[in-house]
Amino acid sequence: MIQTFPRGGIHPPEDKFSAGSPIKVLPLPKTVNIPLSQHIGAPSEPLVKKGDKVKTGQWIAKCKSFVSANVHSSVTGTVTKVDKLMDSSGYKRMAISISTEEDQWEEGIDTSDTLNRNIVATADEIIQKTLDAGIVGLGGATFPSHIKLSVPKGKTADVLIINGAECEPCLTSDHRLMLEKGEELMVGIQLIMKKLNVKKALIGIEKNKPDAINHLSSLAKGFGGTEVRPLKVKYPQGGEKQLIKALINREVPSGGLPVDVGTVVHNVGTAYAIYEAVQKNKPLIERVVTVTGKDLQTPSNFMVRIGTPVSELIEAAGGLPEDTGKIINGGPMMGKALINTDIPVTKGTSGILLIPSAEAKRKPVVNCIRCTKCVSVCPMGLEPYLLQQASEYKKWDIVEEERALDCMECGSCSYICPSGRPLLDYIRLGKSTVSKIIRSRKQ
Amino acid sequence: MDKLITVSPSPHVYGDDTVKKLMYGVVYALLPALLISVYFFGIGALIVTTISIVSCVAFEYLIQKYLMKSEPSISDGSALVTGLLLAFNLPTNLPWWIIVIGALVAIGVGKMTFGGLGNNPFNPALVGRVFLFISFPVQMTSWPEPIVSRLQYTDAVTGATPLAVVKEGLSAGVPMSRLLEQIPGYMELFIGYLPGCTGEISALALLAGGLYMLTRKIITWHIPASIFLSVIIFTGILWLINPYDNADPLFHLLSGGLVLGAVYMATDYVTSPMTPKGMWIFGIGIGVITVAIRIYGAYPEGVSFAILIMNAFVPLINKYVKPKRFGEEVKNG
């Protein structure tokens with residue numbers, strides 16, 4: 001049975017140009033800039049200073065609070081500065097810059113490609129190693145993974161969901177990972193299942209990746225409790241709440257977490273990183289990044305060291321096309337436009353997308369004609385036109401009442417709007433203002 | 001990097017739909033009905049439609065440019081749709097100056113007074129039509145006979161619409177079975193061989209255009225379906241109780257402006273509700289009011305009034321009828 005979420009959603013062109021390109025290892029960059037805020041939560045605290053020699057995989061910044069993540073050096077070399085640098089958010093934030101000298105790994109890290117299926121780690125060791133390795137949600141949300149490996153007191157989880165939907169157009173990094181690192185991924189899933197003490201894991205994959213579905217389905221026979229579930233192609237299938245609804249027909253309550261309905265969701269990339277951390281003792285210092293675009297010479301998938309400037313990836317894929325109008329960190333629906341190509345790849349970078357200048361600008365904005373298209377595509381059952389108006393006229397009580405905070409910013413409303421209205425822009429404004437109001441109310 | 005790039009928040013891709021494409025989609029959907037009208041009513045249909053469209057577009061341009069002092073947006077096609085729909089709701093022998101007045105009321109009062117496209121609470125074409133209907137009741141209720149006066153305009157041979165024949169006959173105590181002999185057969189009603197307004201006569205052509213709009217996702221099925229269903233149920237009950245004094249549901253569906261109203265006028269984006277549930281309430285309201293006016297009211301036809309009355313309820317419906325929010329009721333299966 002092919003499943004999907006029932007309410008809303010859109011079908012943007014898939015444009016998965018790089019789906020057939022195997023993952024290539026990107027040569028080491030001359031310098032890396034490793035931001036200390038690559039995750040949701042408190043920035044990590046640097047453990048090195050200018051002039052220090054660091055090895056590949058060395059711990060260079062530590063988790064500062066419960067919601068935070070460790071950071072490791074992705075190259076061997078000398079720390080050139082610890083200073084504020086522009087990252088993909090567009091803000092200048094703390095980062096550690098290292099000039100690359102060689103690639104000598106920290107001791108105790110298994111850098112071989114041999115598969116290690118033999119799970120000896122205890123549940124506590126699994127969570128500790130995940131925390132130590134600085135793993136965050138690699139689907140893009142970058143929420144520290146060790147938190148999602150523990151079920152809060154009073155709650156239970158009976159099923160693990162692995163997100164291989166990759167519903168964002170253009171991106172293929174998860175697709176390639178599932179094809180090329182399938183067995184490692186399956187072991188990673190076993191590790192998460194062991195830690196969460198669940199007996200069942202469902203891997204959700206959109207059916208536009210039949211090779212990944214077949215490959216993981218045949219592998220799943222060798223691993224108890226795991227099952228691959230093909231999903232209809234519909235954006236935002238990979239949204240956490242939509243994926244849960246599609247796979248196990250449970251609705252995460254407004255303001256709640258997946259564990260409220262007995263499940264935990266991890267991305268395929270995260271499961272692979274957990275495998276590497278636990279079985280290979282390897283911290284999260286590299287990830288698969290798709291580099292793609294209509295006019296790009298060779299749309300590719302690269303294994304990239306964290307902190308590599310985006311420009312190096314673009315060069316390796318054939319160089320920046322002449323009429324590039326926009327450079328995006330992530331996919332076309334939820335990615336962030338970059339200000340320049342010096343910005344480093346971080347743990348959350350799933351792709352770099354180049355958009356031609358003809359498509360870089362928005363449609364002209366005209367009056368809302370109340371066509372109801374935004375309401376019908378909203379996967380959360382909200383009324384984007386109303387939230388937009390209420391935000392524009394600063395009616396924050398209406399914005400709150402109409403549940404702007406349920407919005408996950410998938411962008412379906414802005415995508416579909418025939419009037420080219422900046423629906424999501426205003427909803428974001430409404431969300432942040434309402435959040436502030438709610439915080440001040442609590443004080 | 002030495003060149004400028006765009007930086008803007010997500011999403012970075014957009015769908016193909018524009019207001020212009022949607023409006024022209026409605027125009028294409030109305031073309032079969034226009035062709036059939038020209039076939040049956042001849043030059044009258046062409047003259048009325050042309051005058052209506054030209055004056056609607058001209059008034060929109062003039063009001064935007066000289067009164068509102070804003071950039072005219074006539075190329076979006078919305079004034080074209082209003083002009084076409086206004087013409088479709090007028091008899092084909094209507095003098096040109098009455099049409100111009102109707103266009104002025106439709107665009108000027110019905111639409112621009114409220115701020116233009118997207119802001120009007122009432123369907124502009126219907127505002128124009130009802131204004132004319134009340135101001136010029138004689139001219140607005142004389143309909144040319146099909147085929148016979150295809151080369152005449154205001155001097156066309158006129159006749160009564162089937163709805164008027166039935167209304168008059170029933171109130172004079174003539175049984176329905178006798179009245180059916182005086183009106184065109186159901187197949188003729190379906191194709192459009194009857195006296196009536198320019199664009200309302202052919203249910204066949206209007207439904208074909210409606211199907212086109214459905215497949216292009218210009219409209220959803222909720223409003224037309226709820227109107228048709230409520231008319232069938234309401235008239236069906238009356239007909240089953242007393243078939244001698246009541247017309248059957250099929251007659252009500254095929255006569256008057258019901259199909260035009262249900263598929264093209266009630267589905268106007270701006271003046272209809274935002275949620276499927278709201279659309280059902282809206283559609284049922286239109287169906288019930290239409291039948292109530294046709295059977296108990298002073299006029300033989302009530303679709304225009306019904307739609308305008310329900311237009312007035314749309315803000316209220318939008319306020320109280322909300323889509324089902326994700327995660328509102330926790331349902332675990």
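This is a predicted model: local features need pLDDT of at least 70, side-chain atom pairs count only at pLDDT 80 or more; totals for chains, interfaces and linings use all residues.
Which residues of α6(A) are buried? The buried residues in α6(A) are V268(A), G269(A), T270(A), A271(A), Y272(A), A273(A), I274(A), Y275(A), E276(A), A277(A), V278(A) and Q279(A). In other words, twelve of the twelve residues of this helix are buried, and α6(A) is mostly covered.

What do these buried residues pack against? On the helical side the partners are α1 (123-132), α2 (173-180) and α3 (182-196) of chain A, while on the strand side they are β9 (159-163), β12 (263-267) and β13 (286-293) of chain A. Just after the helix, N281(A) takes a positive phi of about 65 degrees.

Let me step back to chain A as a whole, which has 13 helices and 17 strands. A compact globule with 443 residues would have a radius of gyration near 22 Å, and the value for chain A is 21 Å, which agrees. Along the principal axes, the C-alpha atoms of chain A fill a box of roughly 65 × 50 × 50 Å. Of the 443 residues in this chain, 56% are buried, and among the contacts in chain A with a separation of 6 or more, 73% come from residues 24 or more positions apart.

Now to one of the sheets. In chain A, four strands form an open sheet in the order β2-β8-β7-β4, with antiparallel pairing. Here β2 and β4 (53-54) of chain A stand at the edges and have a single partner strand each, so one side of each is left without a neighbour in the sheet.

How many bridges join β7(A) to β8(A)? There are ten, between strand β7 (residues 76-86) of chain A and β8(A), and the two run antiparallel; within that pairing, V82(A) stands opposite I96(A) in β8(A). Strand β8 (residues 92-102) of chain A is also joined to β2(A), by five bridges, and this pair too runs antiparallel. There, N33(A) has S97(A) in β8(A) as its bridge partner. Although β2(A) is an edge strand of the sheet, four of the five residues of β2(A), residues 31-35, are buried, so this strand is largely enclosed by the rest of the structure.

Let me turn to chain B, which contains 15 helices and two strands. The radius of gyration of chain B is 21 Å, close to the 20 Å that the globule rule gives for 333 residues, so the chain is as compact as a globular protein of that length. The box filled by the C-alpha atoms of chain B, taken along the principal axes, is roughly 85 × 55 × 30 Å. Buried residues account for 52% of the 333 residues of chain B, and residues 24 or more positions apart supply 73% of the contacts in chain B with a separation of 6 or more.

Chain B is divided into domain 1 (19-140) and domain 2 (161-320), and the C-alpha centres of these two domains of chain B lie 21 Å apart. The contact between them takes 32 residues from domain 1 of chain B and 30 residues from domain 2 of chain B. On the domain 1 side, α1 (19-41), α2 (43-67), α3 (78-88) and α5 (124-135) of chain B each supply at least two residues, and α1(B) gives the most, with 13 residues. By class, that side of domain 1 of chain B has 23 nonpolar, eight polar and one charged residues.

Finally, the two chains meet, with 53 residues of chain A in contact with 34 residues of chain B. On the chain A side, the elements that give two or more residues are β15 (324-329), β16 (336-337) and α12 (412-416) of chain A, and β15(A) gives the most, with five residues. The residues on this side of chain A divide into 25 nonpolar, 14 polar and 14 charged.

Note on methods: Residues are numbered from 1 along each chain as its sequence is written. Chains are lettered from A and ligands numbered from 1 in the order in which they are written. The radius of gyration is taken over C-alpha atoms; the globule rule is 2.2 Å times the number of residues to the power 0.38. A residue is buried if 20 or more other C-beta atoms lie within 10 Å of its own, exposed if 12 or fewer, and partly exposed in between; C-beta atoms are placed from the backbone. Two residues are in contact if their C-beta atoms, placed from the backbone, lie within 7 Å. Ala, Val, Leu, Ile, Met, Phe, Trp, Tyr, Cys and Pro count as nonpolar, Asp, Glu, Lys and Arg as charged, and the others, Gly among them, as polar. Two strands pair if DSSP finds at least two bridges between them. Domain bounds come from an automatic or database domain assignment.
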